[in-house]
Amino acid sequence: MQQIQTKKLDQTVKKILSEKSLVLVGLMGAGKSAIGRRIASRLQMNFLDADTEIETAAGQSISDIFAEHGEAHFRDREEKIIERLLVDGPLILATGGGAFMSAVTRGNIKTHGISVWLRADLDVLMERVGRRDHRPLLQTTNPTAVMQKLIDERYPIYSQSDITVESRDVAHEVIVQEILKSIARQSQL
Ligand code: S3P
């Protein structure tokens, strides 16, 4: 019974996503790539990570782009690459934490996709980003203060997403299921 329901849910969402991309939004450490990958494999759809695409196109890591060309240049590349990925979609797309702050990108996501904000509390984010050190914005003496500032600045904007799901320490499958159910529910409204 459970299996039949899951199959039906997956089919419903896959149909919706045959026309629109699913775009994951949220701060560093929210789990956008991990969750995005899981959704893509469950629905057998294409997954891309915007940060990786930017790095591939530039032939440089994000840290090096920030260091050599500055954040404004990175944001410009980010806007253009996300637009191209969405135009070429549909796909499951994980965006970098700053991407949704661009009005241009928000517009492109609105046109081509369904935005899903993975909302997480400060302690969850810090626990997760503490495991790696490749993020230029957190290369400071007080990364927790930076993260809190980003929460204050960005959460009001992230909240414009079509769907919000609380990212927390549960199995990824639980979050994936919540996202798929929300998408199916929304399409019935
Ligand atoms: C950034 C988040 C990073 C990356 C860049 C800037 C941000 O992506 O795009 O370091 O402004 O929050 P993740 O959210 O995937 O870590």
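**Notebook: helix packing and the ligand site**

I began with H5 and helix H6 (residues 103-112), whose axes come within 10 Å and cross at roughly 5°; axes here are lines fitted to C-alpha atoms, for helices over the stretch in contact, and angles run from 0 to 180 degrees between N-to-C directions. H5 is therefore roughly parallel to H6, given that angles under 35 degrees count as roughly parallel, over 145 as roughly antiparallel, 65 to 115 as roughly perpendicular and the rest as oblique. The helices (H or I, at least four residues) and strands (E, at least two) are DSSP runs numbered from the N terminus.

I noted that this is a predicted model, in which local features need pLDDT of at least 70 and side-chain atom pairs count only at pLDDT 80 or more, while totals for chains, interfaces and linings use all residues. Residues are numbered from 1 along each chain as its sequence is written, and side-chain values use heavy atoms, with hydrogens and water left out.

I then looked up which residues join H5 to H6: Glu79, Ile82, Glu83, Leu86 and Val87 of H5 meet Val104, Thr105, Asn108, Ile109 and His112 of H6, contact meaning heavy atoms within 4.5 Å. By class, I find five nonpolar, three polar and two charged residues there; Ala, Val, Leu, Ile, Met, Phe, Trp, Tyr, Cys and Pro count as nonpolar, Asp, Glu, Lys and Arg as charged, and the others, Gly among them, as polar.

Next I checked helix H4 (residues 62-69) against helix H5 (residues 71-88), and found an angle of about 125° with the axes 7 Å apart, so the two are oblique to each other. Ile62, Ile65, Phe66 and His69 of H4 make the contact with Glu71, His73, Phe74 and Arg75 of H5, and these residues divide into four nonpolar, two polar and two charged.

I turned to the ligand, which has 13 residues around it, with Lys32, Asp51, Arg75, Arg135 and Arg154 coming nearest (a residue is near if one of its heavy atoms lies within 4 Å). The shell comprises five nonpolar, three polar and five charged residues. For polar contacts (pairs of N or O atoms within 3.5 Å), I recorded a polar side-chain atom of Arg75 at 2.6 Å from a ligand oxygen, one of Arg135 at 2.7 Å from a ligand oxygen, and a backbone N or O atom of Gly97 at 2.9 Å from a ligand oxygen. The protein covers 94% of the 390 Å² of accessible area that the ligand has on its own, by the Shrake-Rupley method with a 1.4 Å probe.

Last, I looked at helix H3 (residues 50-58), at whose start a side-chain oxygen of Asp49 reaches to within 2.9 Å of the backbone nitrogen of Asp51. Just after H3, Gly59 takes a positive phi of about 65°.

How values were computed: A polar contact is a pair of N or O atoms within 3.5 Å; within protein, one must be able to donate a hydrogen and the other to accept it, and residues adjacent in sequence count only if both atoms are side-chain atoms.
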